[in-house]
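Biologist: I would like to learn how to read the packing inside a protein model. Could you walk me through it?

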Amino acid sequence: MENGKTYPAGYVVQRFEAAAQRYPTDHLIGGMRDVITKVAHKREYIHQKEIADLYNKMYGFSGGQTGFRNVLEDLL
């Protein structure tokens, strides 16, 4: 798995917003969207490793029931 990519923060927020609309009850996607949005207000870019680390930290909140891999896996 490559963790070296850097994404424009606005692009990542848009992807999470679309995923949250597709999976409105998904706690992992919603929680990550909120954190990513806060980060995007402070910085112009988000690193792939940051997204992967956040995913790993927050995955437990989903109870294993998440659509993350269906729509956002490429960001990891």
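Biologist: Which residues does isoleucine 51 touch, not counting residues up to four places away in sequence?

Modeller: This is a predicted model. In it, isoleucine 51 touches Tyr7, Val12, Met32, Ile36, Ile46, Leu75 and Leu76, with residues up to four places away in sequence left out.

Biologist: Which residues touch the most other members of the largest nonpolar core?

Modeller: In soluble globular proteins, nonpolar side chains tend to be buried together. Here the largest nonpolar core has 22 residues, and Phe16, Met32, Ile51 and Phe68 touch the most other members. The elements α1, α2, α3 and α4 each give two or more residues to this core, and α1 gives the most, with 6 residues.

Biologist: Now the rings, please. Why is the pair of tyrosine 55 and phenylalanine 68 called tilted?

Modeller: A pair of aromatic rings is described by the distance of the centres and the angle of the planes. For tyrosine 55 and phenylalanine 68, the centres are 4.7 Å apart and the planes are at 40°, so the pair is tilted. Tyrosine 55 sits in helix α3 and phenylalanine 68 in helix α4, 13 residues apart. Both residues are buried. Ring pairs also join Phe16, Tyr55, Tyr59 and Phe68 into a cluster.

Biologist: And is aspartate 26 buried or exposed?

Modeller: Aspartate 26 is buried, yet has no salt bridge. Arginine 22, the nearest side chain of opposite charge, is 9.8 Å away. Aspartate 26 lies in the loop between α1 and α2. Leaving aside neighbours within four places in sequence, aspartate 26 is in contact with Gln65, Thr66, Gly67 and Phe68.

Technical notes. Residues are numbered from 1 along each chain as its sequence is written. This is a predicted model: local features need pLDDT of at least 70, side-chain atom pairs count only at pLDDT 80 or more; totals for chains, interfaces and linings use all residues. Side-chain values use heavy atoms; hydrogens and water are left out. Rings of Phe, Tyr and Trp (its six-membered ring) pair if their centres lie within 6.5 Å; planes under 30 degrees apart count as stacked, over 60 as edge-to-face and the rest as tilted. Helices (H or I, at least four residues) and strands (E, at least two) are DSSP runs, numbered from the N terminus. Buried means under 20% relative accessible area, exposed over 50%, partly exposed in between (1.4 Å probe, protein chains only). Lys and Arg count as positive and Asp and Glu as negative; His and the chain ends are not counted. A salt bridge is a side-chain nitrogen of Lys or Arg within 4 Å of a carboxyl oxygen of Asp or Glu. Contact means heavy atoms within 4.5 Å. A nonpolar core is a set of buried Ala, Val, Leu, Ile, Met, Phe, Trp, Tyr and Cys residues joined through side-chain atoms within 4.5 Å.
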